[in-house]
Amino acid sequence: IYVSPDEATQKNGVQWIEKWKQIRKAENEQKHKAAETLDGRHIDVVCNIAKPEDAKLVLENGGEGVGLLRTEFLFESSTAEPTVEAQCESLKAIVEELGSRQLIVRTADIGGDKPVSWLHIPHENNPFLGMRGIRLSFKYEAMFRRQLEAIYRTALWQTETTGSTGLHIMFPMIGRISEWNKARDIAESVRLQVDAPQLPLGIMIEVPSAVMVAEDLAKEVDFFSIGSNDLTQYTMAIDRLHPDLCNEADSYHPALVRMIEMTVKAARSHGKWVGVCGNAAANPNMATLLVGLGVTELSVSPADAASVKNMIRAVNYLKLKEKAIKALQLESSEAVMELYKNNDDLF
Ligand code: PEP
Ligand code: MG
């Protein structure tokens, strides 16, 4: 941000905006084309959404499904816990837009920076390190079960009406295998109660301990989705919202790059796929690093889908892999950023 820019800065800004508009126009013209690298590697570019109204934007902007439905927003926007029926209605509205395309529903990640007014969580000195995500779901297990019931009921309805469902369930903030076991067991008991079809069950990788035990988790889960926002915050011990420090919490840090590689390796050795649904996936240069590390799904906001797809189509996967190997040897964020500053070497 330039406050009171001089004439030259203003002119420069206007020129930049014009150039940016042209780039966006070109990207938008190709937004419905698949994201396939020059040498034929397909990457699923899907979207992050929060509300039923967002679902329309996914397909309009070239998204191929939903990689993250942040359901906590359905809870935040009401004055009491939404009933199972209300939750079903919201999910059905999204499913009606998406058809049988993938829809990963993340169970409510309440707490941290996403408090809910009607849920009286006692004051915590460090809410990001407190009652959040799956921990809160276990504390309010009946509420967790009602949310799972809504998801499974929607899956049953979609399967009965269309013959298939793209619904997946994902648990946030899993940091230990016992949390996964408990979440899976609760989900399975709700499924049996509803008599719904089995859905793929996955977890967010956003707590560093999950990376360290990714080999064990990968045996069990159907997929991983890396939450680079929280994974960065918890790895760097920097509050993702801190006004002075958040710029230092960048996902180019070698610790993050190596953790992503560890996660992909663990998943691959058990035949599972890895996506990224944090903000890192929406930066086209960072996206090339993620794909080079073996990530096969990028989940971004609908507004970013076209530019990420465009970048994937412009590059060569084998070269991305070679470049990622180089990135894994580097010792600073600056060095990784410099390596990915331009992608001329990837065409
Ligand atoms: C993340 O942590 O990267 C993520 C996608 O989850 P949220 O931003 O909702 O915490
Ligand atoms: Mg998160």
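1. The side chain of Gln 87 has a polar atom 3.1 Å from the backbone oxygen of Pro 82, a polar contact in the sense of a pair of N or O atoms within 3.5 Å, where within protein one must be able to donate a hydrogen and the other to accept it, and residues adjacent in sequence count only if both atoms are side-chain atoms. Gln 87 belongs to helix 4, residues 84-98, and is buried, with a relative accessible area of 4%; buried means under 20%, exposed over 50% and partly exposed in between, with a 1.4 Å probe and protein chains only.

2. This is a predicted model, in which local features need pLDDT of at least 70 and side-chain atom pairs count only at pLDDT 80 or more, while totals for chains, interfaces and linings use all residues. Residues are numbered from 1 along each chain as its sequence is written, chains are lettered from A and ligands numbered from 1 in the order in which they are written, and side-chain values use heavy atoms, with hydrogens and water left out.

3. Gln 102 is placed in the loop between helix 4 and strand 3 (103-106), where helices (H or I, at least four residues) and strands (E, at least two) are DSSP runs numbered from the N terminus. Gln 102 is also buried, at a relative accessible area of 18%, and its side chain makes a polar contact of 2.9 Å with the side chain of Glu 297.

4. Around ligand 1 there are 15 residues, of which Arg 70, Arg 106, Lys 114, Asn 229 and Arg 240 come nearest; a residue is near a molecule if one of its heavy atoms lies within 4 Å of it. Helix 10 (228-236) and strand 2 (66-70) each supply at least two residues of this shell, and helix 10 gives the most, with three.

5. Oxygen atoms of ligand 1 lie 2.7 Å from a side-chain N or O atom of Arg 240, 2.9 Å from one of Asp 230 and 3.1 Å from a backbone N or O atom of Ser 228. Taken alone, ligand 1 exposes 290 Å², and the protein buries 99% of that, the areas coming from the Shrake-Rupley method with a 1.4 Å probe, for which, in the case of residues, only the protein chains shown count as cover.

6. Asp 195 has a positive phi near 60° and is exposed, with a relative accessible area of 60%, whereas Ala 237 has a positive phi near 55° and is exposed at 69%.
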